[in-house]
Amino acid sequence: MAISATVVDIRGKAVEPIIEELLFANDTIEKELVTFHEDIKASTIVTENDNTVTMQAFTSGAPSSSGTFGLTDREITPVKVMYYQTFTPETLRTSRFNRSMKPGAWNIESNEFGTVVLKAYGNAISEDVQSKFWNNIKSATQTAIAALTPGAGQGSVGAAEQTYAASLTAGEFDGVVSYMIYNNGALGTRYKVAGTTLSSTNIATEMGKVYAAIPTRAANQPGGMKVEIYAPYEVKQFINIYNVTATYRDLFSVTNLGQPNEAYYYAGVKINFVPLPSNCIIAALPSNIHWMTDLLSDINMFKVDRVASNQETWFVKHVMTIFAHVSLQSMNVLYLG
Amino acid sequence: MANECKYKFSDKTPKHIAYVKNASGLLEQKEVVGVTPFGKHSGVLTEDKLTDTIAEYLLSKNSTNEPYATWIVAKK
């Protein structure tokens, strides 16, 4: 794909700086909102241990064995994905970018294009990867979810879940939400909460449903492990609007509002805003949501070079591996409305 | 897969720009008719993906802002 440009031949000055598109920061990585695993090349085993114990009356004779050591292995191979496109610097020769090209017909590379436009391209990749980590589905998973018989019970896929899966454009891997709905060839064991369309008028009620559904074991973990809520970006505005008219702002408490370090809580549970689908909320221990990759810093690296040494067409290429895994599924809440 | 749904989209159903896979397996933008119950960033539900369950679920969410009763109608 060449440069998609509506450029004006430069005759005078150009306004600095170039106005870049607005992108979401990759908070999932930068703020470490989930658990990251690097050096995952292929066929890596993730094991969950779930034991049961049985108290029994003492006997002096031979006791009977009772209880289980539950071990569940999941083999994970991150999906290798890439972003690739070509561009022709000649397209920019008459534009503002010629100001940063060295003299000479051979010198067509623009320093400004590299430092601004390609940097923004890299940021767009980061935003897209984060979005797909949460909000993506494989074609096979989409088909499998569509084939399930829906129902209201926990052991059935919900109508909202089927609607969500059907809406997505199939991609290279399952995002967190899709994985919670269906994984390992079967319906996920998430705690399902039937939701509705979220707004500033119902956000308190609906968040309460998520909070109430958090399994008590997850909500009462010792030490520093605390359940966190993951909500789509628009929920922040819903909360702020709700708080304007709230008599007491102790249900949704907000610290450092409007500042870079602002933080949101519902009944003491931290809320993280990530690119989830609208009307979707997740409650989980961050240690139960896993971003698995070969090298996390791959997300920041891309190569720029000529397609061939006898051409003036350049390429920009980005390669990485990724897998979204959710563990201890029955300890995690999925609200979808 | 044949669509055996009892419902279809009406001619009032909005159009959206969605990403669809082309013959090369790459995503390209295309205008499609459908609804976006989970936001535009979560894709467009097109008529070929409509099932009775999905249609009736969306109809249950009918509202002024999301007039699914206008967009989804029963087939005759």
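1. Which residue takes a positive phi in the hairpin of E2(B) and E3(B)? B:Gly25 does, with phi near 85°, and the hairpin has five residues between the strands. Strands (E, at least two residues) and helices (H or I, at least four) are DSSP runs numbered from the N terminus.

2. The model is predicted: local features need pLDDT of at least 70, side-chain atom pairs count only at pLDDT 80 or more, and totals for chains, interfaces and linings use all residues. Residues are numbered from 1 along each chain as its sequence is written, chains are lettered from A and ligands numbered from 1 in the order in which they are written, and side-chain values use heavy atoms, with hydrogens and water left out.

3. In chain B, an open antiparallel sheet has three strands in the order E2-E3-E4. Strand E2 (15-21) and strand E4 (45-46) of chain B are at its edges; each has a single partner strand, so one side of each lacks a neighbour in the sheet. Pairing here requires at least two DSSP bridges between two strands.

4. Strand E3 of chain B covers residues 27-35 and is joined to E2(B) by seven bridges, antiparallel.

5. In chain A, A:Asp174 lies in the loop between helix H4 (159-167) and helix H5 (176-181). A:Asp174 is buried but has no salt bridge, and A:Lys138, the nearest side chain of opposite charge, is 4.3 Å away. Buried means under 20% relative accessible area, exposed over 50%, and partly exposed in between (1.4 Å probe, protein chains only). A salt bridge needs a side-chain nitrogen of Lys or Arg within 4 Å of a carboxyl oxygen of Asp or Glu.

6. The side chain of A:Asp174 does reach the backbone nitrogen of A:Lys138, at 2.8 Å.

7. A:Tyr84 sits in strand E4 (residues 79-87) of chain A and is partly exposed, at 43% relative accessible area. With A:Met82, A:Val307 and A:Val319, A:Tyr84 forms a nonpolar surface patch of about 350 Å² accessible area together. Such a patch takes residues with over 30% relative accessible area and no salt bridge, nonpolar side chains being joined within 5 Å.

Key. Patches are made of residues with over 30% relative accessible area and no salt bridge: like charges are joined within 9 Å, nonpolar side chains (Val, Leu, Ile, Met, Phe, Trp, Tyr) within 5 Å. Accessible areas come from the Shrake-Rupley method with a 1.4 Å probe; for residues, only the protein chains shown count as cover. Lys and Arg count as positive and Asp and Glu as negative; His and the chain ends are not counted. A polar contact is a pair of N or O atoms within 3.5 Å; within protein, one must be able to donate a hydrogen and the other to accept it, and residues adjacent in sequence count only if both atoms are side-chain atoms.
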